[in-house]
Amino acid sequence: MGRAGTGTGGAAVAVAGPLLLLLLLLARSPPAAAGDGRKSDARLVSEQFSQSPQKLAFYSWYGSTRLFRFRVPPDTVLLRWLLQASWGSGPSCTNVEITVYFRYGAPPVINPLGTSFPDNTSVQPSFLVKMLHGNTSINISHPAPGDWFVAAHLPPSSQKIEVKGFIPTCAYVFQPDMLVVRVVEVSILEPDVPLPQTLLHHPSYLKIFVPEYTQKLRLELQGCASNGSLGCPVRLTVGSATLPGNFRKVLTCTGPTQDCRLLLPSPPWGRWLQVTAKSLAGPLVSVVFNAVAALTACRPWSVSFQHLLQNSANQSGNASTGLLPLSPSYQELDRSSGAGDSPFCLRNYPVPREDLDVVSVRFRPLDQVLVQSDMPSVLRLYLNTGMDSGGSLTISLQVNKTAIANNTLVVVCVTAASPFLSFNDSLNCTTAFFQGYPLSLSASSRKATLVIPYPETDNWYLSLQLVCPESPKECEQALVPVETTLYLVPCLNDCGPYGQCLLLRTHSYLYAGCSCKAGWRGWSCTDNSTAQTVAQQKVATLLLTLSNLLFLAPITISVHRSHLVEASVYAYTMFFSTFYHACDQPGEAVLCILNYDTLQYCDFLGSGVSIWVTILCMARLKAALKYVLFLLGTLVFAMSLQMDRRAAWNTMGPCLFAIMVMVTMWVYRCGRRRHCYPTSWQRWIFYLLPGISMATVAITIYTTMMTSDNYYYTHSIWHMLLAGSAAFLLPPREQHTDPWACSQKLPCHYEICKNHREELYTVT
């Protein structure tokens, strides 16, 4: 079978994808136990998920990537990505490298250009693969259930501004397919209840539910024996794989002892935890053991609940409404473990969620956050709606100068899935399966900020505790209030003055990205390594706006030669082109008199109609026919720009039709007069040839030479050449018309559009 990807477009990928997956399923059975590839596991089933192919683009900003979102079902033991890439066979198609990123829970944070991120931004390295023409597969064992994101793009762009549809381009098509193998029979491991297991050919798949407010989880293999002998040749894998980080715990029990245990601090709350036990003794050796799970409950102390008790003793029966509701699993855990008699282990501060807009959330604690040394103060941020991972989570903490002593320290840990509660034992800010983000506040550094772009879809926790490294006794009675500012925004600082925050979409998923201008780069347009100075921005704005003043030349000539409609079109073009480019600039050198989209539309419309009326004016048609074509051409331009504003043929099509009309009229006059038209050689040498040359150079610059770096200069030259060519190409006035005759024609009312002479014999 040939490789998928030798086709010319997305249709080839769409047809070859399901066939390849089917062959892949037939060629490789679900994973069996080590050393036994002959027997398949009946507990495993395979499922396939696919999405429509997308056309890739060369990378210039995050909007250049193509993002795919897949949902991995629970109890999945194997995830296989099949990546398919194809492109055409034309001369413009070359073998380019495609970069593909993977991440669990949120879109991948990428940096192909090597730009800098804003201050206090924490970014994990992305997991990526590079592929060429054809297919590539990626396998992930025991993936975490939930949203997985795949992003792909071509190499960085050349910054060349290409006119859409003018030069043939190559369509690079990319399609990821997902194949999952999941377990349909999973043993439930209940707390403190031994679960007998026997390993022979296939591994054992277990799972245990971790309730909220679980401080520790201990997994233990008891009474382990291999064919009656002592020892425990078992590999225990706990947790699910996530990318780019992977904190799964692997416990290999190969010692002579019968018991083997694993202690997990702060396991993920409110979810099922996968456990896989695999024999290391070979396919013909039986291994038996008892799996035991023990949970240590964490008793929360609710600040708002205590306030209600203090404010209203008579309402003690209803005071529990101020406490965060306990789930049934936690209540069961509380009774079984005796958590009600244990001391408090965390101070819980309720944080309501306030949705402001799309990917925009604000969190405001109900009470002032007080930090002590006896136990951590915990705030929970609800970012588990599935639509919160497309923005940036910003956490800002501050303490007053008089509230914190010189030898005290407020240690902060930001984690997902479960809070960090072991400040007294360690300050590594690591839970069972998550590496947190550490922060600290002190008398010398009273403010701390953390920015997390594209946070994982989960409940996030903010843990704070007071620490005195030199003399712990001084912290026993200390109480430090901490001011918190917690919010989720689409773009940090709205991309600053040199960027624009744009909302992107892939199917029903929304995420945000920054599009930078004026040479600024980076995730939030904060990298000024290639940025323009304010003086350069002002010079660029002046070039793009003042270059339009050259349209005064064709306007003056048109009025002098009684071409009033043409003069009106040139004036319209000059006005809107000037103010469009004044509004199109970033930073300080910007002026918008109308909506940006309106100014851009009017600028494109004026440029096309200017070329249209100039060519038709050169054709020397009868007045009635000329004005009818003027109006119809303007309507066609308005319609085509509404369909696709940047397509080259929206302007070239009508202009080529106008050139055909002009050439037809010139050839007709040459045949009737039996003489070349125009008849004067001075007209050819001093007007037509310079005008045609300027128009040719203008088109060449516009279609082949413009880049993002030289745009200010090349586009200004385009303005001047376009205005200059119109001034040279405008035909002379009619012999019976006096210069500046518009003032004499205006009182004639309808006579201004009526000419009793035969134009065919009166033109020069």
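Predicted model: local features only at pLDDT ≥ 70, side-chain atom pairs only at ≥ 80, totals over all residues.
Cys670 takes part in no disulfide. The nearest cysteine sulfur to Cys670 is that of Cys676, at 5.0 Å, whereas a disulfide requires the two sulfur atoms to lie within 2.5 Å.

Disulfides do occur elsewhere in the model. A disulfide is a covalent bond between the sulfur atoms of two cysteines. Nine of them are found when the whole structure is searched.

The sulfur atoms of Cys93 and Cys170 are 2.0 Å apart and form a disulfide. This link is right-handed, with 105 degrees about the S-S bond. Cys93 belongs to the loop between strand S5 (76-87) and strand S6 (98-104), and Cys170 to the loop between strand S9 (146-156) and strand S10 (172-183), so the bond ties together parts that are 77 residues apart in sequence. Both ends fall in the buried class: Cys93 has a relative accessible area of 18%, and Cys170 has a relative accessibility of 10%. The value for Cys93 is under the 20% limit for burial.

Cys413 and Cys429 form another disulfide, with 1.9 Å between their sulfur atoms. The link of Cys413 and Cys429 is right-handed, at 90 degrees about the S-S bond. Because Cys413 is in strand S27 (residues 409-416) and Cys429 in the loop between S27 and strand S28 (437-441), the pair ties together parts that are 16 residues apart in sequence. Cys413 and Cys429 are both buried, and the relative accessibility of Cys429 is 2%. The backbone of Cys429 also deserves mention: its phi is positive, at about 55 degrees, although the residue is not a glycine.

The disulfide of Cys495 and Cys514 has its sulfur atoms 1.9 Å apart. With -85 degrees about the S-S bond, the link of Cys495 and Cys514 is left-handed. Cys495 is placed in the loop between strand S31 (480-489) and strand S32 (499-506), while Cys514 is part of strand S33 (residues 509-516), so the link ties together parts that are 19 residues apart in sequence. Cys495 counts as buried at 0% relative accessibility, and Cys514 is buried with a relative accessible area of 7%.

Further backbone features were examined. Most residues other than glycine have a negative phi, and most peptide bonds are trans. Val359, which is not a glycine, has a positive phi near 50 degrees. Val359 is in the loop between strand S22 (353-357) and strand S23 (360-363), and its relative accessibility of 6% makes Val359 buried. The peptide bond from Leu243 to Pro244 is cis, with omega near 10 degrees. Pro244 is located in the loop between strand S15 (234-238) and strand S16 (249-253).

Helix H6 (residues 564-583) and helix H7 (residues 596-619) have axes that come within 8 Å and cross at roughly 150 degrees. The two helices are therefore roughly antiparallel, as angles over 145 degrees are classed that way. The crossing of H6 and H7 is left-handed. The contact of H6 with H7 contains 14 nonpolar, eight polar and two charged residues. H7 also packs with helix H8 (residues 623-643), at an angle of about 150 degrees and with the axes 10 Å apart. H7 is therefore roughly antiparallel to H8. The crossing of H7 with H8 is right-handed, whereas that of H6 and H7 is left-handed.

Two other helices complete the description. Helix H10 (residues 681-705) contains Met705. Met705 is partly exposed, with a relative accessible area of 43%. The C-alpha atoms of Met705 and Glu162 are 8.9 Å apart in space, although the two residues are 543 apart in sequence. Helix H11 (residues 711-729) has 19 residues and spans 26 Å from its first C-alpha to its last, close to the 27 Å expected at 1.5 Å a residue. H11 is mostly covered, with 15 of its 19 residues buried.

Key. Residues numbered from 1 in each chain as written. Heavy atoms only, no water. Axes fitted to C-alpha atoms, helices over the stretch in contact; angles between N-to-C directions. Helix = DSSP H or I, 4+ residues; strand = E, 2+ residues; numbered from the N terminus. Parallel < 35°, antiparallel > 145°, perpendicular 65-115°, else oblique. Left-handed = near helix turned anticlockwise from the far one by under 90°. Nonpolar A, V, L, I, M, F, W, Y, C, P; charged D, E, K, R; others polar. Expected span 1.5 Å × (residues − 1). Buried < 20%, exposed > 50% of the residue type's maximum accessible area, 1.4 Å probe, protein only.
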